[in-house]
Amino acid sequence: MPGALPDGEPVPVDGSLPSSRAGRNGFGVYVHVPFCASRCGYCDFNTYTATEATQDGYVEAVLAELRLADKAISPGRVDTVFVGGGTPTLLPADDLARILDAIDKTWGLADDAEVTTEANPESVDPRSLLALRKAGYTRISLGMQSAAPGVLAILDRRHTAGRAPQAAVEAREAGFDHVNLDLIYGTPGETADDFAASLDTVVRAGVDHVSAYSLIVEDGTRMAARMRRGELPYPSDDVAADRYLAADETLSRAGFEWYEVSNWATDRSARCRHNMLYWTGGDWWGLGPGAHSHVGGVRWWNVKHPSAYAQRLSEGVSPGHGRELLTPADQHMEDVMLRVRLSDGLPLATLDEVGLAGAAKALADGLLEEREYAAGTVRLTLRGRLLADAVVRDLLP
Ligand SMILES: C[S@@+](CC[C@H](N)C(=O)[O-])C[C@H]1O[C@@H](n2cnc3c(N)ncnc32)[C@H](O)[C@@H]1O
Ligand code: SF4
């Protein structure tokens with residue numbers, strides 16, 4: 001990998017970071033909270049249960065990384081903060097407030113900053129939601145996954161079917177204008193009616209954002225092992241395509257509009273600005289175990305285990321574990337892969353000869369919108385969204 005550093009070497013604080021460029025197109029902070037009450041069988045995120053890692057010292061370590069980061073860059077201001085996991089709301093709301101306050105004191109939150117935390121539906125209540133809102137969180141993203149009890153059981157979720165929409169209502173009542181519900185579709189055993197009920201539930205919950213992901217069977221997970229043993233069937237691409245069409249139809253009818261292949265919002269102001277920053281080549285610093293960062297064409301990532309992370313920081317050493325310098329070719333590839341998935345689309349002018357030929361083919365196949373194409377933009381049709389990966393392959397050398 002280009003530019004990879006050996007373990008233990010300070011990553012960004014070595015003068016190699018083009019800090020003068022930090023935040024030219026907006027700047028975000030990601031905070032990874034790597035703790036969960038239990039591990040869902042399908043999940044391969046960097047997260048640990050209480051027997052695998054302690055939460056003690058986590059917040060202090062994050063604050064220490066923030067102090068190191070402040071020596072490396074001066075972004076001017078922070079436009080978005082996204083606290084993700086894991087289950088951030090396993091931490092007391094006071095801890096999430098302390099982290100946000102430290103980010104504000106260090107770099108300054110923009111007046112209109114978007115501040116999101118992910119939350120598992122069973123890990124919040126009206127009191128904690130009020131405390132988060134008071135602390136400056138403006139957006140909450142709840143992992144609902146499904147409204148069908150049988151599907152939640154196969155996914156090893158801890159919440160009951162009614163808890164996610166109820167948490168969404170509580171979040172609204174606590175003053176959150178922006179509330180997202182995450183769905184997973186294509187789980188073994190899920191019927192078309194189950195998914196229709198999930199969609200009906202998110203529409204009735206009064207949220208302004210929905211993410212719907214096709215179940216990915218990740219190597220090394222309990223779910224993958226169950227499928228290998230024949231205890232669960234593998235997901236089917238045809239079923240996933242049917243579910244996607246159902247999602248788009250129901251959400252569109254309810255006033256949502258897609259803005260990224262897996263994301264729908266009620267209007268532009270309801271789009272997740274932090275994720276938009278990821279998808280449009282923006283700069284962000286990722287704090288926490290295993291967090292990834294990207295500033296000015298340099299990408300790096302932290303050691304994964306919370307104790308290794310805390311140990312490094314207690315010794316005043318960067319938790320950075322490796323990095324890569326993105327070449328112009330890497331940046332072009334990422335730009336195509338991510339922007340094609342956006343409803344705002346990709347300017348045709350950014351494509352080379354091969355990409356232009358690929359775009360013409362995708363247009364002829366009905367995968368791109370004709371009007372946008374004529375105006376110089378690659379924008380997927382509904383059928384194109386189903387085949388987004390194939391379109392990306394056509395646009396790249
Ligand atoms: C990492 S989780 C964090 C949120 C929170 N811990 C939760 O599960 O409710 C973020 C979202 O990623 C999605 N996700 C995680 N693993 C997935 C997988 N294997 N396939 C599809 N979606 C997945 C789920 O929708 C989940 O809500
Ligand atoms: S899906 Fe969410 S709750 Fe489940 S293990 Fe992964 S991060 Fe934790």
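Start by selecting Leu 387, in the loop between helix 14 (382-386) and helix 15 (388-395). Keep in mind as you go that this is a predicted model. Is Leu 387 buried or exposed, or something in between? With 36% relative accessibility, Leu 387 counts as partly exposed.

Next stop: the aromatic rings. There are 9 aromatic pairs in the whole structure. For one of them, pick Trp 107 and Trp 285, whose ring centres sit 6.4 Å apart with the planes at 55 degrees, so this pair is tilted. Trp 107 belongs to helix 2 (residues 93-107) and Trp 285 to strand 9 (residues 283-287), so the pair links parts of the chain 178 residues apart. Both are buried: Trp 107 has a relative accessible area of 6%, and Trp 285 has 2%.

Move on to Tyr 185 and Phe 195, another tilted pair, with centres 5.6 Å apart and planes at 55 degrees. Here strand 5 (residues 178-185) supplies Tyr 185 and helix 6 (residues 192-204) supplies Phe 195, 10 residues apart. Both of these residues are buried too.

Last, the cysteines. Select Cys 36, buried at 13% relative accessible area, then Cys 43, which counts as buried at 17%. How many disulfides will you find? The count is 0.

Key. Residues numbered from 1 in each chain as written. Chains lettered and ligands numbered in written order. Predicted model: local features only at pLDDT ≥ 70, side-chain atom pairs only at ≥ 80, totals over all residues. Heavy atoms only, no water. Disulfide = S-S within 2.5 Å. Buried < 20%, exposed > 50% of the residue type's maximum accessible area, 1.4 Å probe, protein only. Helix = DSSP H or I, 4+ residues; strand = E, 2+ residues; numbered from the N terminus. Phe/Tyr/Trp six-rings, centres within 6.5 Å; stacked < 30°, edge-to-face > 60°.
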